[in-house]
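Here are my notes on this model. Please read them with the structure open.

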Amino acid sequence: MSQPQVQRVERVETFTPPSDPIGKIDKIDHYFQITARGSTQRREVIAGITTFLAMVYSVFVVPGMLGQAGFDVSAVFVAVCLTAAFGSLLMGLWARLPIAVGCAISLTAFTAFGLVLGKGLTPAIALGAVFLMGLLFTAISVTGVRSWILQNLPSGVAHGTGVGIGLFLLMIASSEVGLVVKNAGAGLPVALGHVTAFPVVMSILGLAAIFGLEQRKVPGGILLVVIAVSALGLAFDPNVHFKGIFSWPQLSAPGHPSLIGAMDVKGALSMAVLPSVLALVMTAVFDATGTIRAVAGQAGQVDARGYIHNGGRALTADSLSSIFASLVGGAPAAAYIESGVGTAAGARTGLTAVVVGLGFLGLIFFSPLAGLVPSYATAPALMYVGLLMLSSVAHMNMDDKLDALAGLVCAVFILLTCNIVTGIMLGFCTLVVGRVLAGEWRKLNVGTVSIALALAVFYAGGWAI
């Protein structure tokens, strides 16, 4: 009698329950290893919705920045949604990690304000630079060079780049709403704007509101502030107009060429643009890789030796997303630190990233909303992201004063020159020269010296932008 009982138990565990006749639930669980990683499908879906709400503000911030650089806002809105959908679905289905991907705010700022507005490049050449950045980023990810760079480059400059970009974002947002203005008279180049102006007041109140909502861990707090400030703008600002909610996706404005495949790769291959391509790659290497490691660690997907589960696929997924972004007219992509909100909600598998990707796919039908969001509604989000990036200063090793000071040089001069490449160049060069004069040349490696020399030659030759 015991043997049939054993067979009956095996039959119950093996066959699909009547409530799931085709076994979809079991297949999803098995593919994403949901039960094996100590999670449930309901928890993963909720975490995915939470992550989506935490990062959906990017579909307003990115088009706003690129719109100032001459891009069509509605077309960029769709491109941002498509990029986030592609990157997040690739990360979820292939790398099977709970990490969402989208157009990076910092790299978008560099593209819009550094390349197009700052240096006079056309949007097509800027997209070509994004395409080249994506190719190089993917190549170094696939070949393992990305890991080598992280192991050999100075941590001070790496963290200093993050701090500098954070300061850069703060300057962009502050000047955009008129909180900081160009000084027309003698003295310092900038001055305080009209602090009682409606855009300035809304920006400051919005930033304070984000602080409060994020402290209370309200899901989608940044998005709620963007919506609230936009509603106030619609009510009291005559420059804000309602243009509808629903629209079929389009990647070109009426009478303008499509953004799909519009990148000018040949123009981006000039000696004047290549340093900026390298700067985009270096920034993405440190930013995106650090984000992936941090979120994977929160999700329990980093082993005792420090290796990330499917880490190679994760690194490749976010770099491929930048190539895709350039093809549809978006900004460079990267893993989003807001993915940490999802892991805090219990995310452990790629199903969370899949939910995020599907959310952005559905969002492409609501592009008119992008035109309803004024700059002072997205400025608080930019300021908040910039302030968060300043936390990288805590990771600087002050016991190695030379390394830390070189990182601070990088950070400060990214802000003072409004140029990420210049800050990185000065950081590398001051570190190398400082090490040599201090008799610490043994602490240098081939990678650091090579990059410092290359950047110095670019600037000395007048090729850098």
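1. Terms first. Buried means under 20% relative accessible area, exposed means over 50%, and partly exposed lies in between (1.4 Å probe, protein chains only). This is a predicted model: local features need pLDDT of at least 70, side-chain atom pairs count only at pLDDT 80 or more, and totals for chains, interfaces and linings use all residues. Residues are numbered from 1 along each chain as its sequence is written, and side-chain values use heavy atoms, without hydrogens and water.

2. Phe 242 counts as exposed because its relative accessibility is 51%. Its place is in the loop between helix H11 (221–236) and helix H12 (265–268). Helices here are DSSP runs (H or I, at least four residues), strands likewise (E, at least two), numbered from the N terminus.

3. Ser 203 sits in helix H10 (residues 198–215). Contact means heavy atoms within 4.5 Å. Leaving aside neighbours within four places in sequence, Ser 203 touches Val 177, Tyr 376, Ala 379, Pro 380 and Met 383.

4. Look next at helix H3 (residues 41–55). Its buried residues are Glu 44, Ala 47, Gly 48, Thr 50, Thr 51, Phe 52, Ala 54 and Met 55. They pack against helix H4 (58–68), strand E1 (101–103), helix H15 (339–344) and helix H16 (351–363).

5. Which residues does Val 59 contact, leaving aside its neighbours within four places in sequence? They are Phe 77, Val 80, Cys 81, Phe 360 and Leu 363.
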